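Please consult the sequence and the structure alongside the text.

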Amino acid sequence: MSHLSTINACKLLLFRRCLQAVLLTVGIQFLLLTIFLLFVNFQLLRPLHWITGTLSLVCSFYTWFASIPLIGAVVLYGVILCQQHLAERSYCASRFRWLVHYGPRKLLFLGAHLLVGCLTAWLYTGYMHTDYRHLWYKCYGQECISAYHVYLLGMGIFAGCYYFDSVHMRQEVEIEFPIVNHCWGEKSRELLYSSLARSLFKSLVPTLAYTLLFWLFGRVVCHRLSHLLAVDLDERLEGFFGVATNGRLLFYGWLLTAQILSNMHLMRSFYSMFLSEEFPLAVTKNRAPFVQEREVTVVAALGLTNVYVVQCLAAKYLYNLVTTGDVAKRAELFQLTEPGNRPANWRSLCDQCLSLLGSFTDELIDSMQKISVLKGSPSSPPLAPISDNVSASLMAERVLTRQYNQMHGIRPMISPGRNALIDRPVDSIRRVPNWCERASMQIEQSLQLLINRVPGIVYLFTEPEGAKTTFLLTHSLTLVYVIQALSQICVLSLKEDQFGVVQTDLPDIIKAMSRLKGELDKLSSVASNLRGPGSSFSVLRGAVRRSLFHICISFGDYIGELIPSGEELHQLQTLLNQE
């Protein structure tokens, strides 16, 4: 299966899961509406009439017809959420690039939040009292704008904006992988109970904040709407006490906000629940000729760097494969394939995992060089400076002599290493710039300082310190699973690897993990100052240390043969002593 076919197959499977999440969220809308009507139409003395009347309202033709706009908004919300889950996680060096890359997507997502909030409020107000049901009503024989209806519609819009700002504004959508796998029915029931109970408390702050805003600007909005619709102004919510003393209106607003917040949280959780389910992958690649491969292998899924969700699912599948008791499935990792009796499965998996590990470490090292605290640790020793007493004429004479000797085959009487400092290029000779170059340099520096003093220029177009390191650590979940899976495979190879295919790669695995551990140890001194990745850094560092410890414990008698004496062996011995 080619790389493009693998991407299409994985995205098709994820799209089916997103479709299941859309159908589930559509069904949840009617359940939430039923719960809302049970609160609004509560009758203590007539419980049977209360329940039957609520169910008849939910199952009526009006409800199904009026729910069409809300269902369309929910489907649009789901499509945008699905696209964000399947999009490539690219790094933006500056805030301006982030605005260009993610700005249109964020605006579209904000519009979906506002649309869902507004249509939810519009649908729910249709089941309330007559004063709350319509945008205008009859007052003193004339048409008047309903301040109650305006308050509730604004509450729905404000709730959608509040959820977007608190959850999706500053971060991308993430998938939470559960520790223990349950069926989707149990997860849905648990999510529904927890979301409804939590939203009742989380909706208090936005309700009070919106009520304060409506007291300040509500009369202006109602006045503009009355002029636009050519109706009279409603004066029932005049002043602070007119808003604060209306208990029924505040109760409806609080209940509506709780429903909208729980609805959006459930939609996000349902997508995360379906997309985090175990991915059907294969360990052995079908190598028969003229046979079309239908299954996606673990190695192919791990190589999809442009689909972050598939990478995480493949890494989690590999981790579950080596930690569970499925010995027959794990045996495919160590078996020899035909033709040639080569460990093709292990060879491809090991190369892919070490490639991911090495590329991540290289990017982490490059990003750490931009952190001011860590700039003092050079990656390579500096070059020796040229002696000041070497003149230009002597250097030119040495260069001509060396060219003459090479032309006539004359070997030098001294080793070339002694003349290394002299046989440098002439470019290192200090050159004094003329007045034109000095003036242009001064003008360039002055313009740069002038531009940097403009408010917002540095904030928008300069890369924040440690931003690339934060991005790498935030998206290191794949490495966490891969590192622990490699460690467990090495430990299990002592009993299950009959052909010894893993032992040949043990030095490379230990060196790659030790290299990453060393860089993470350097980063530990400034990890608390970085914005955001505290938990991700702790999880990654703990996984690396734990994996190295397990390998060193299992191969403790052979560490000296696997790793030659040096700094790496000393680090491993120090790790064993610390643990």
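The model is predicted, so local features need pLDDT of at least 70 and side-chain atom pairs count only at pLDDT 80 or more, while totals for chains, interfaces and linings use all residues. Residues are numbered from 1 along each chain as its sequence is written, and side-chain values use heavy atoms, with hydrogens and water left out.

**Helix H4**
- Helix H4 covers residues 68-86; helices here are DSSP runs (H or I, at least four residues), numbered from the N terminus.
- Buried residues of H4 include Leu70, Val74, Tyr77, Leu81 and His85 (buried means under 20% relative accessible area, exposed over 50%, partly exposed in between, with a 1.4 Å probe and protein chains only).
- These buried residues pack against helices H1 (3-40), H5 (95-125), H7 (147-168), H11 (247-275) and H13 (308-323).

**Arginine 515**
- Arginine 515 belongs to helix H21 (residues 506-523), and its relative accessibility of 38% makes it partly exposed.
- Beyond its neighbours within four places in sequence, arginine 515 contacts Gly358, Thr361, Asp362 and Ile365 (contact means heavy atoms within 4.5 Å).
- Glycine 358 is 157 residues from arginine 515 along the chain, yet their C-alpha atoms are separated by 8.9 Å.

**Second largest pocket**
- The second largest pocket holds about 490 Å³ of space (a pocket is an open set of points on a 1 Å grid over the protein atoms alone, with protein on both sides within 12 Å along at least five of seven lines; a volume is the space filled by probe spheres set on the points, which are joined across faces, edges and corners).
- Its lining has 18 residues, with Thr305, Gln311, Glu363, Leu472 and His475 nearest the centre (lining residues have an atom within 4 Å of a point).
- Two or more lining residues come from each of H13, H15 (344-368), H19 (467-474) and H20 (477-496), and H15 gives the most, with 6.

- The whole structure has 1 cavity of 30 Å³ or more (a cavity is a set of grid points where a 1.4 Å probe fits but cannot get out).

Notes:
Expected span 1.5 Å × (residues − 1).
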